[in-house]
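Work through these exercises with the coordinates open. Try each task before reading its solution.

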Amino acid sequence: MIATGLVKTSYPKEDITFLLKDVSNEFTESTLEEREKAVQTGAHYAERLPMEYRPSDEYTNLYHETVGKTKEQLGYLVGLVTRRIFMNAGTDDIVLVSLARAGSPIGILIRRYAEQVMKMEWPHYSVSILRDKGIDEKAIDSIRAAHPTSRIQFVDGWTGKGAIQKELTKAVNSLNKEKNMNLYDDMAVLADPGACAVLFGTREDFLIPSACLNATVSGLVSRTILNKQYIGENDFHGAKFYGELLDEDLSNDFIDQITACFLETQEQVKQEAVSTPVIAERTWQGMKEVEAIGQQMYSETDYHLIKPGVGETTRVLLRRSPWKILVNSLDNPDVHHILMLAEEKKVPVEVVPDLFYRAIGLIRSGKEI
């Protein structure tokens with residue numbers, strides 16, 4: 001028994017355990033205006049939750065089309081990163097720890113691939129990690145106590161400029177030094193356009209459809225919450241369960257559609273896994289472009305305001321207040337949903353043909369040039 005009072009989820013219990021305190025009955029969302037004002041005046045983004053975006057029928061249809069077009073490629077990338085995790089670890093005694101919530105569905109897919117194709121049982125937990133606050137150490141303590149000798153593998157969905165990778169490295173170094181936890185910071189992701197992860201399926205900046213939606217593709221679980229009003233010193237970080245969205249929930253449909261493609265790509269995955277390097281060097285190429293964009297677009301640079309990559313740009317449109325979106329082309333299918341969201345929210349889009357990423361979202365700060 002790892003804990004009680006955990007947040008509910010619409011995922012099957014064998015797929016994932018969210019080590020998050022359930023604050024569904026206590027915590028209420030803030031309006032976008034309230035949240036943006038709080039963040040601009042120094043509050044941490046995890047102290048408040050945004051209102052859940054309710055997609056239009058047109059946007060939902062685009063999501064379904066995207067899943068249909070990309071599910072085979074996603075199945076292939078899940079297989080590739082799963083095999084690379086195994087080869088890099090050098091053991092099958094692996095525990096997956098996904099970073100909630102973008103990492104949660106990806107962790108489930110990796111767990112399923114390991115079980116269904118590689119015949120390995122990898123337990124899977126999902127924990128909170130927050131920029132400038134670090135990882136939920138209580139959750140990691142619980143996992144390590146339950147699995148004292150296992151290889152813990154951290155998983156996320158994609159990278160942007162590398163803020164979470166840096167946060168993870170810092171946390172791993174601290175926990176290893178203070179508690180001798182034997183952790184590794186080699187976070188595994190499906191897409192690593194920022195070139196800041198060492199284990200990945202691809203470094204191409206492409207759309208992972210789970211980025212298109214919020215709770216309804218993440219087990220009906222909210223963003224993670226760290227607010228002293230609701231989270232005590234001995235609590236896990238918190239989250240809400242959106243049971244009222246059950247009729248709109250696509251979480252398991254997304255997982256099942258990708259899982260159904262595993263077998264048809266497994267031979268290609270095997271060949272690629274043994275013919276290419278298991279891990280790659282971090283070059284932080286994405287951060288270099290972020291620094292250049294920051295100097296061009298803001299009078300005082302705060303790189304947290306710049307959200308690079310298709311996934312991060314989507315998320316910033318779903319729950320923040322961007323003042324501009326940059327894309328390298330209007331014709332790429334990976335940005336069609338971004339263009340639709342930008343039009344819905346009346347956010348201008350600028351085409352920058354030599355952009356390293358396919359899209360970048362710029363958050364309003366009051367100091368735009």
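**Exercise 1: the enclosed space**

The second largest cavity has a volume of about 60 Å³. This is a predicted model, in which local features need pLDDT of at least 70, side-chain atom pairs count only at pLDDT 80 or more, and totals for chains, interfaces and linings use all residues. Residues are numbered from 1 along each chain as its sequence is written, and side-chain values use heavy atoms, with hydrogens and water left out.

Solution. 

Step 1. On a 1 Å grid over the protein atoms alone, a cavity is a set of points where a 1.4 Å probe fits but cannot get out; lining residues have an atom within 4 Å of a point. Points are joined across faces, edges and corners, and a volume is the space filled by probe spheres set on them. Helices (H or I, at least four residues) and strands (E, at least two) are DSSP runs, numbered from the N terminus.

Step 2. Take the second largest cavity. Helix 9 gives the most, 3 residues. By class the lining has 8 nonpolar, 3 polar and 2 charged residues. Here Ala, Val, Leu, Ile, Met, Phe, Trp, Tyr, Cys and Pro count as nonpolar, Asp, Glu, Lys and Arg as charged, and the others, Gly among them, as polar.

Step 3. Count the cavities. The structure holds 4 of 30 Å³ or more.

Step 4. Turn to the largest. About 620 Å³ of space lies in it. Strand 3, strand 4, helix 5, strand 10 (306–308) and helix 9 (310–319) each supply at least two lining residues. Helix 9 has the largest share, 4 residues. The classes are 13 nonpolar, 5 polar and 11 charged.

**Exercise 2: the open space**

Task: state which residues and elements line the largest pocket.

Solution. 

Step 1. Define it. A pocket is an open set of grid points with protein on both sides within 12 Å along at least five of seven lines.

Step 2. Size it. The volume of the largest pocket is about 480 Å³.

Step 3. List the lining. It has 20 residues; K133, I135, D136, L226 and H237 lie nearest the centre. Strand 5, helix 4 and helix 5 each give two or more residues. Helix 5 has the largest share, 4 residues.

Step 4. Classify. The lining divides into 4 nonpolar, 5 polar and 11 charged residues.

**Exercise 3: helix 4 and its surroundings**

Task: find the buried residues of helix 4 and what they pack against.

Solution. 

Step 1. Set the cut-offs. Buried means under 20% relative accessible area, exposed over 50%, partly exposed in between (1.4 Å probe, protein chains only). Contact means heavy atoms within 4.5 Å.

Step 2. Read the helix. In helix 4 (residues 137–146), A139, I140, S142, I143 and R144 are buried.

Step 3. Recall the geometry. An α-helix has 3.6 residues a turn, so residues three or four places apart point the same way.

Step 4. Find the partners. The buried residues of helix 4 pack against strand 3 (94–100), strand 4 (124–130), strand 5 (134–135), strand 6 (151–155) and helix 5 (163–179).

Step 5. Check the start of the helix. A side-chain oxygen of D136 comes within 3.2 Å of the backbone nitrogen of K138.

Step 6. Look at one residue of strand 4, I129. I129 is buried, at 6% relative accessible area. Beyond neighbours within four places in sequence, I129 contacts L99, G134, I135, I164, E167 and L168.

**Exercise 4: buried polar residues and cysteines**

Solution. 

Step 1. N227 sits in the loop between strand 8 (199–202) and strand 9 (238–239). N227 counts as buried because its relative accessible area is 14%. Outside four places in sequence, N227 contacts F27 and E47.

Step 2. R112 belongs to helix 3 (residues 103–116). R112 is buried too, at 11% relative accessibility. Beyond four places in sequence, R112 touches P12, D15, V117, I255, D256, T259 and F262.

Task: how many disulfides does the structure hold?

Solution. There are 0, a disulfide being a pair of cysteine sulfur atoms within 2.5 Å. For C212, the nearest cysteine sulfur, that of C261, is 17 Å away. C212 is buried at 1% relative accessibility. C261 is also in no disulfide, and is buried at 5%.

Methods: A polar contact is a pair of N or O atoms within 3.5 Å; within protein, one must be able to donate a hydrogen and the other to accept it, and residues adjacent in sequence count only if both atoms are side-chain atoms.
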